[in-house]
Amino acid sequence: MAEGPDGGVWAWVMVGALFVSSGFVFGLMRSLGVFFVEFVQYFEESAQAISWITSIAVAAQQFFSPMGAALCNAYDARIVVMTGGCLAGLGFILASQATCLAHLYLTMGVITGLGWGLVFTPMVVSVMGYFTRRSALALGLGFSSIGLSSFIFNPLFQLLVEKYAWRGALLIMGGLSLNIVPCGALIRRQKQSKAPAKVGKLSVFVERPFLTFCAAITLFNAGYFVPYVHLVALSRHVGFSEYQAAFIMSVTGATDILGRVVSGWSAARGCMRMVHILILWTSLTGVFIILLPLSSMSGSYPVLLTVSLLYGFCGGALTSVVFPVVPQIVGVERMMGASGLVQLIESIGGLLGAPLSGFLKDVTGNYLASFVVAGSFLLLGCLILTTLPRFFQCRDPPPSSETFLG
Amino acid sequence: MECTWTGNQNKLPNITGYWKKDGNEIDSRLTVPLENEQYNLKGVFDIVGEESLGNYSCVFGSEAKIEFVLAAPQMGEVRDKPIVSYAGDSVVIACKMEEPKPKPSTWHWYKANGTDKALIDAAAEPHRYQIHSEGGKSTLTVRNLTQADAGFYYCGAVYLISTSLGRLEVRVITFLEPLKPFIAIVVEVLVLVAVILLYERKSKKKSITGSQKTKKEKRENSGGEESSSVRQRKV
């Protein structure tokens, strides 16, 4: 069976487009915190009410992913991504005119989130169409902007808010988000034959390997974000200063970028099966998450810093290999629809994970239980992945024909 | 206020101690005995008003001096960068007295008028100003902003002995200001999209003319093959 395409000039142009668009989706998502203080003061609302804005945007991105995927199968990925870019920008532009919190929920939350949902999965799948063995490397490079953009967007948005207040800053952010549109314009129709598109793709639902994969990824999501939410608080809880805690987060972000690229590059070498690599990085991430509160209890800053660096690296590493596993489970033709569905289902994990860890902290008084449970979710997800059919085989199934289904 | 000094090498049995305020001696000098290896000087002062605030020092002979600063609680961190808002919009500015410090009895807000400060009366102009004070925090909301509202504002935490002030700056801008960079970015996006789509049309045209040439060649070749097969059949 001949291998599919694995590179080419336009493939790497697409990786560049993925780099830019991922930065504008997830990098922006992670920098919305800059507006938090401004909104609390201007709208005189509680912190919880304001944090719903980001929650709605994240949930919308994941919820509308299957729809974005289905539209790509039915129509043209290019149109879908360009529309998504316009919507993402429109959401922020409209938000700049908001007069009440509900406006922000609708514009910054729903409209922008919908736009992001139409952008992310189609971009990922379009890029993967250009690669076979090196898809993990392509994605690793494409996603490396997610960590980088927090470094750039956070201070940039601070500056914009200081110069133009939150209204002007949101307007300009809307303009910047429109840069996703040229990324979408770069998508070209590929000559791969597509199976007759079924809008909805619900047929994957009844297949056990896909359900197994979804269950595992949902568990990953439940645990993965906990350190991003609680690590600063954990550091401060054991007595480190604000700057020390912020530094830990910055370096974790830096090793995240490194982990994505290194993992993508090493996965592309083809020495290990993609699903084995995923389990390797995820189980290590789980272990380091559990070690985080334990290392903080030692009271030693270098120890906590080291464990955080290792968590960042492994956490980033696993993201490069998640999507490349999908076509091995459902086949290349159904990759688009399945990726969309995975996004939707894993959002449940994300929605439940952070509040659960917060709850455990409130009940027990410290973060030990939250982090141990979060790490355990990742380890449990790895165990579930071992039940995939033909898991213990040493070689990946050849692309696009055989899948885990047989 | 109480000062304790452990003395130096020559532990004299008695030493003169006195209090100073802002560099001037107050009260009479006392003879302080050496007790348990230390000298103890206590002073009791009535705080009657703002005049009671200042730098106090207790002096032991000509050897040791300990300084106290008696002042009203300092205002908590206020934004040193100007707070920006839009004409026609409203702005909320806030002052805070940090937790362990005592809470003021009330808050006042002032608008700077040259070198003067004019007290803001929220009750007199409720559609323009709103002051919300709660213990250690106070916010001033200014509505329907105009350029005249730009400038410095002072928040005052009122205590019995004095008022602590904090200064904030408000800047009023119009929507044209962020609109300029926004339009620049939109133009950039449109140009990029146009360039990308034009480039693709150009390269498609190239490949179409190229494939037309190869199609022509194929037809010529297959024409040759057909005629040979026809010949074979005929034979």
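Which strand pairs with E8(B) in the antiparallel sense, and over how many bridges? I looked this up in a predicted model. The partner is strand E12 of chain B, residues 137-142, and the pairing with E8(B) runs over six bridges.

**Entry: the sheet around E12(B)**

In chain B, three strands make an open sheet, ordered E8-E12-E11, with antiparallel pairing. Strand E8 (91-96) and strand E11 (129-134) of chain B are its edges, each pairing on one side only. From one strand to the next I noted an average twist of 15°.

**Entry: disulfides**

I counted disulfides over all chains and got two. In chain B, with the bonded cysteines numbered in sequence order, the pairing reads 1-2, 3-4.

I took B:Cys3 and B:Cys58 to begin with; their disulfide has an S to S distance of 1.9 Å. The torsion about this S-S bond is about -110°, so I logged the disulfide of B:Cys3 and B:Cys58 as left-handed. The link ties distant parts of the chain, with B:Cys3 in strand E1 (residues 2-5) and B:Cys58 in strand E5 (residues 54-60) of chain B, 55 residues apart. Are these two cysteines buried or exposed? B:Cys3 is buried at 1% relative accessible area, and B:Cys58 is buried at 0%.

I went on to B:Cys95 and B:Cys155, whose sulfur atoms are 1.9 Å apart in a disulfide. About the S-S bond I read -85°, and the link of B:Cys95 and B:Cys155 is left-handed. This pair also links distant parts of the chain: B:Cys95 sits in strand E8 and B:Cys155 in strand E13 (residues 151-158) of chain B, 60 residues apart. B:Cys95 has a relative accessible area of 2% and is buried; B:Cys155 is buried too, at 0%.

A:Cys100 is partly exposed, with a relative accessible area of 31%. A:Cys183 is in no disulfide, and the nearest cysteine sulfur, that of A:Cys86, lies 12 Å away. A:Cys183 is buried, at 6% relative accessible area.

**Entry: positive phi**

Most residues other than glycine have a negative phi. I noted two residues that depart from this.

A:Glu44 is not a glycine, yet its phi is positive, about 50°. Where is A:Glu44 placed? I found A:Glu44 in the loop between helix H2 (34-43) and helix H3 (47-63) of chain A. Its relative accessibility is 53%, so A:Glu44 counts as exposed, the cut-off being over 50%.

B:Asn36 also has a positive phi, near 50°, and is a residue other than glycine. B:Asn36 lies in the loop between strand E3 (24-35) and strand E4 (38-42) of chain B. B:Asn36 is exposed, with 72% relative accessible area.

**Entry: the largest nonpolar core**

Which residues touch the most other members of the largest nonpolar core? The core has 81 residues, and I listed A:Phe39, A:Leu104, A:Met108 and A:Leu170 for this. Helix H7 (residues 135-177) of chain A gives the most to the core, 16 residues. Domain 2 (83-173) and domain 3 (180-204) of chain B both give residues to this core, so I placed it between them.

**Entry: UniProt annotations on chain B**

I compared the record with the model. The unreviewed UniProt entry places a "transmembrane region" at residues 181-199 of chain B. In the model, that span of chain B is 100% helix and 0% strand, with its end C-alpha atoms 27 Å apart.

The annotation "domain: Ig-like", again from an unreviewed UniProt entry, covers residues 1-58 and 73-174 of chain B. What are the helix and strand contents of residues 1-58 of chain B? I read 0% helix and 59% strand, and the end C-alpha atoms of residues 1-58 are 9 Å apart. For residues 73-174 of chain B I read 0% helix and 52% strand, with the end C-alpha atoms 38 Å apart.

Terms used: Residues numbered from 1 in each chain as written. Chains lettered and ligands numbered in written order. Predicted model: local features only at pLDDT ≥ 70, side-chain atom pairs only at ≥ 80, totals over all residues. Heavy atoms only, no water. UniProt positions renumbered as here; feature names shortened; annotations may be inferred. Helix = DSSP H or I, 4+ residues; strand = E, 2+ residues; numbered from the N terminus. Pairing = 2+ DSSP bridges. Axes fitted to C-alpha atoms, helices over the stretch in contact; angles between N-to-C directions. Buried < 20%, exposed > 50% of the residue type's maximum accessible area, 1.4 Å probe, protein only. Disulfide = S-S within 2.5 Å. Core = buried A, V, L, I, M, F, W, Y, C linked by side-chain atoms within 4.5 Å. Domains from an automatic or database assignment.
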